[in-house]
Structures are given as C-alpha cells and as structure tokens.
Amino acid sequence: MFYCKVDYRVLLSFSDWLNKWKDRLYLNFVASGRYKYLVRGLWMTLRITFFAVLLGIALGVVAAIIRSTHDKIIEEIRPGFGKFLLRFFNLIVKLYLTIIRGTPVVVQLMIMYYVIFASSTNAMMVAILAFGINSGAYVAEIIRSGIMSIDAGQFEAGRSLGFNYIQTMIYIIIPQAIKNILPALANEFIVLIKETSISGYVGIMELTRGGDVIRSRTFDAFPPLLAVAIIYLIIVVFFTKLVSMLERRMRNSER
Amino acid sequence: MSAEIKTGEVLISVKDLAKHYKNKAGEIHALDGITTDIKKGEVLVIIGPSGSGKSTFLRSLNLLERPTGGTITFEGQDVMSPKNDINKLRQKMGMVFQHFNLFPHLTIMDNMTLAPKKLLKMSQEEAEKKALQLLERVGLQDRADTYPSQLSGGQKQRIAIVRALCMSPDVLLFDEPTSALDPEMVGEVLDVMKDLAKTGMTMAVVTHEMGFAKEVASRVIFMDAGKIVEEGTPEEIFDNPQNERLKTFLAKVL
Ligand SMILES: Nc1ncnc2c1ncn2[C@@H]1O[C@H](COP(=O)(O)OP(=O)(O)O)[C@@H](O)[C@H]1O
Ligand SMILES: [Mg+2]
C-alpha cells in the first residue's frame, strides 16, 4: 500500500513535468512553425562554413606557398625583381597572419560588415569573406607545419637529384605532408562551424541566431538554446568521427 | 661536356672555399679556405674530427650549402654562378646521405625512376629497365615493389646509392654513408662502394671507415677546423702522418 502511494505520486509529478515540457516544446518549435528558424539557421550556418572553408583553403595554400618558398629559397635567388616580389609578398602574408591571428574574429566580422562592406546588402557574402579570410590564416599555418613536419633530408634528397624547389614540393614533400594536413583541415571545418555562431552580431540568421529569435518570441530561453546546442553537438561529433576515420586511413596507408 | 673530361683530368676544382656562420658569439668558420681538385675516376676520402667541416665541404659542392666565399668549378662550369642552372649541374652530381633519405611514400622502383622520368624525360620502360639492372647489381632486384620502410638500413643505403646512379651522374658524393648503420650492415654498403670505385666512378666520400679509406682511396684529405690540414695517398696519411693533429686523430680512430 505504502509503496503504491509513493509510486503514484512520483508518476503524477512525472506526467505533470512531461506535459509541461510538451507544451514548452510545442510553443517553441511547433507553434507558428518556429522550428523553421532552426532549419533555415542551420542551412545558413552550413553554407557560410562551407564557402568560408573553401576560401580559407585557397588563401591558406597561397599564403603557405609564399611563406615557405620565401624561407627555403630566398637565399638562392639572385637579386632582381623576382626576389623583390617574393620579399614583398612574404611581408604582406606575414602582416595578414599577424593581424588575423592577433584580433578576435568577431571584431574582424564587424569591421568587415560595418566598415569595409558597409554598403553591401549581402550579409552572408560578407560573413563568408570574413570567416574565409580568418580561416585562411589558420589554414596557412596548418599547411606550413604539415610541410615543416617532413624531414629536411627529404627536401635535400629531392634537390640533390636535380629537382627544383617546386618539383621537390610536388613530387616529394606535398604527397607526404598531405597526411598531416588533411585531418587538420577537416578539424578547421569543425572549428569554423562553431565560430560562425557569432554571425548574429551582423544580423545574419544562422543557427544560433535562429534559436535566439525563438527565445525572443516565446520568452522561454532553455528549449531553443538546448536545441541549438544539440544540433551543433551532433554535427561536431559526426565530423569528428569522420576526421578520426580519415586519420586512421591515412595512417594505415603509410607503410 | 662530361665526355670531354678524361680519366685523370680535373672534374671539380675548388678554390679558397669558405663558409662562415654568424652567431651571437661571433663567426664560425665551418670552411676556412679549402682548395683542392677532384679528378675524374678518383676516389677522394675526407676524414677528420666531428665538426671539422667535412659535411659542409661535401654539401657545398652541389650547393646544398651555400658557400660564403671561393669558387667551385664542375666540368668547367662555375657552380655558384647564377648563369648556370644548379638543378642541371646537380643531375650530374649524385649524393648519398647518412640517413638514406629514401622517399617513404614511393616504392623502391618509383624512388629510382622518379628523377630519370621527370628530369631526363626517360620513358617508363627505359627508366625501369635501367633501375632493374642497377638493382641486380646490388642484389635487391626482388625488392623493386616494396616500400623503404620494409628494408633494413643496409638495404636502404644500397638503394640510395643506386637511386643516385639512375641519373648517370659524373660524380657521387657520400656523407658518412655507413654511420647510421648497425655494424653488421656496414660491409654490404662498403662492398657496393668498392665495386663502384672499380668501375671508375668519381667519388668523394666522408667516412670514419679507415679500412675503406686505406683500401679504396686514391687520395685522402684530413680536415680540421675548416681547413685541409694534410692530404696525400692513403699510405702517406696512415703510415706516415706529418701533422700533430692528424696523428692525434688517427690514434683515436685506428
Ligand atoms: N647551420 C649552422 N649554423 C651554425 N653553425 C653550423 C651550421 N652547420 C654547421 N655548423 C658548424 O660548422 C662546423 C662544421 O660542421 P660540419 O661540416 O657538419 O662538420 P663535420 O661534418 O665535419 O662533422 C661545425 O662547427 C658546426 O657546428
Ligand atoms: Mg658531418
């Protein structure tokens, strides 16, 4: 008897709680089709991230090539316009890396949006540019450290056979460095997905902002924020798994 | 060009070669005025204590190290002149490293054929045929399709030697080719080098293998503190050393 009573009370409060949550979830996600804020926000987040990563890789490759070419062969080029050009570009790249890595990405985003592209109405484009340029600085370091991780003897062996700098890179260094670079690049994608959550600062309706809009309509913060967090978590866990699979395959192909 | 140079004639001429490193304490004279000629068909062995500049000297010859003074002439061409394509010159100067430096992402065959195919524009068949002949010469023809990590140190170094030979170089530079090997593998590498010397290959060898120097060298150079302190035939250097530093050195290594 006694046992039954407690059980009943617990059950009652549990179903109470369940009902309350049903209402909250309904209010936050179903009513007025509010879930669409999350779906559209996620779609925006993925688009910004995807294109920013592409831009980041393009910029990063160029920056890494300039930096490591400069460091490796500046001494062996004879004075002239080419040498001046390499020095000049190297300086630009160094400046780029220092500024981007020395300032918060949210500040970079706001400067892009409110200052440099103040006249632009395409906020998504501006965000892609801002995150791409930001990511490029980190990708450059990923590639550079991937290249640096290859033993100097490999480079010397290539050069001693008569390959020039670029041939040595293409035939000998890059194929080996790619094993370190690819997983790190995939990681950069994961970092960027989370980083784009600040796009709301310039009024972009991405995932985080979508959750925030729901909160402002329903005055109920927890469900939308929890949903946003869970969606990020699922994406990140998924891609992390993918990266570690990639890493394992790379390691296995290494004989 | 190389055809004009006959055995016994000067292949590489080195004059007043210097390499200075600047650091906080001042300047290090890794090379302090080296002058010598390497003749075609000669086996030059370079000995000396650690830090005496042997590697720097050898690596200067193909400009892996950039000298700060002096001249190097290879087959009549100024190696340091920007007018001469150093990459072309390096094709004719093979190099064998202490740590082999085989390309781990390529099979033995690809290690050997990469440069001939890309640089000499050899066809696949031609390059492979040549590589196989060389592999047979060092008894590793059955390893063509394996990867470097599947080989022992001695096998790796034998491959490194034939990889250099695939470019048909006019001279081979060896920087302590047996120093990273387990003792039982030193012999197989030295045997390959001895065979090579018999074929008339011009070689410059930095080594601590005094037995090899005595047996194979046409000339021995003793370096200390960036200078050539003594040079001569193996008999002169080993049986009748003049310089005190050379005597001290030999007492330690023999
Ligand atoms: N990158 C460098 N910077 C400064 N000093 C160097 C560098 N490379 C070599 N040296 C110095 O040059 C000298 C000669 O070195 P090395 O040619 O390697 O000698 P060895 O091969 O005879 O042992 C040594 O004193 C060494 O410390
Ligand atoms: Mg050395």
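This is a predicted model: local features need pLDDT of at least 70, side-chain atom pairs count only at pLDDT 80 or more; totals for chains, interfaces and linings use all residues.
1. Residues around the ligand. The shell around ligand 1 is drawn from chain B and comprises B:Tyr21, B:Ile28, B:Ala30, B:Pro49, B:Ser50, B:Gly51, B:Ser52, B:Gly53, B:Lys54, B:Ser55 and B:Thr56. Sorted by class, this shell holds four nonpolar, six polar and one charged residues.

2. Polar contacts of the ligand. The side chain of B:Thr56 places an N or O atom 2.4 Å from an oxygen atom of ligand 1. For B:Ser55, a polar side-chain atom is found 2.7 Å from an oxygen atom of the ligand. The side chain of B:Tyr21 has an N or O atom 3.2 Å from a nitrogen atom of ligand 1.

3. Burial of the ligand. Ligand 1 would expose 560 Å² if taken alone, and 60% of that area is buried by the protein.

4. Secondary structure at the site. Two elements of chain B, strand E2 (26–39) and helix H1 (54–61), each give two or more residues to the shell around ligand 1. Which element gives the most to this shell? The answer is H1(B), with three residues.

5. Helices H6 and H7 of chain A. Helix H6 (residues 152–161) of chain A packs against helix H7 (residues 165–195) of chain A at an angle of about 140°, and the two axes are 9 Å apart. H6(A) is therefore oblique to H7(A), since angles over 145 degrees would be needed for a roughly antiparallel pair. The crossing of H6(A) and H7(A) is right-handed.

6. Helices H4 and H5 of chain A. In chain A, helix H4 (residues 105–116) and helix H5 (residues 123–148) pack with their axes 9 Å apart, at an angle of about 140°. H4(A) and H5(A) are oblique to each other as a result of that angle. Their crossing, that of H4(A) and H5(A), is right-handed.

7. Helices H3 and H4 of chain B. Helix H3 (residues 108–119) of chain B and helix H4 (residues 124–137) of chain B meet at an angle of about 125°, with a separation of 9 Å between their axes. That angle makes H3(B) oblique to H4(B), because the roughly perpendicular range runs from 65 to 115 degrees. A right-handed crossing is also found for H3(B) and H4(B).

Notes:
Residues are numbered from 1 along each chain as its sequence is written. Chains are lettered from A and ligands numbered from 1 in the order in which they are written. Side-chain values use heavy atoms; hydrogens and water are left out. A residue is near a molecule or strand if one of its heavy atoms lies within 4 Å of it. A polar contact is a pair of N or O atoms within 3.5 Å; within protein, one must be able to donate a hydrogen and the other to accept it, and residues adjacent in sequence count only if both atoms are side-chain atoms. Accessible areas come from the Shrake-Rupley method with a 1.4 Å probe; for residues, only the protein chains shown count as cover. Helices (H or I, at least four residues) and strands (E, at least two) are DSSP runs, numbered from the N terminus. Ala, Val, Leu, Ile, Met, Phe, Trp, Tyr, Cys and Pro count as nonpolar, Asp, Glu, Lys and Arg as charged, and the others, Gly among them, as polar. Axes are lines fitted to C-alpha atoms, for helices over the stretch in contact, and angles run from 0 to 180 degrees between N-to-C directions. Angles under 35 degrees count as roughly parallel, over 145 as roughly antiparallel, 65 to 115 as roughly perpendicular and the rest as oblique. A crossing is left-handed if the near helix is turned anticlockwise from the far one by less than a right angle, and right-handed if clockwise.
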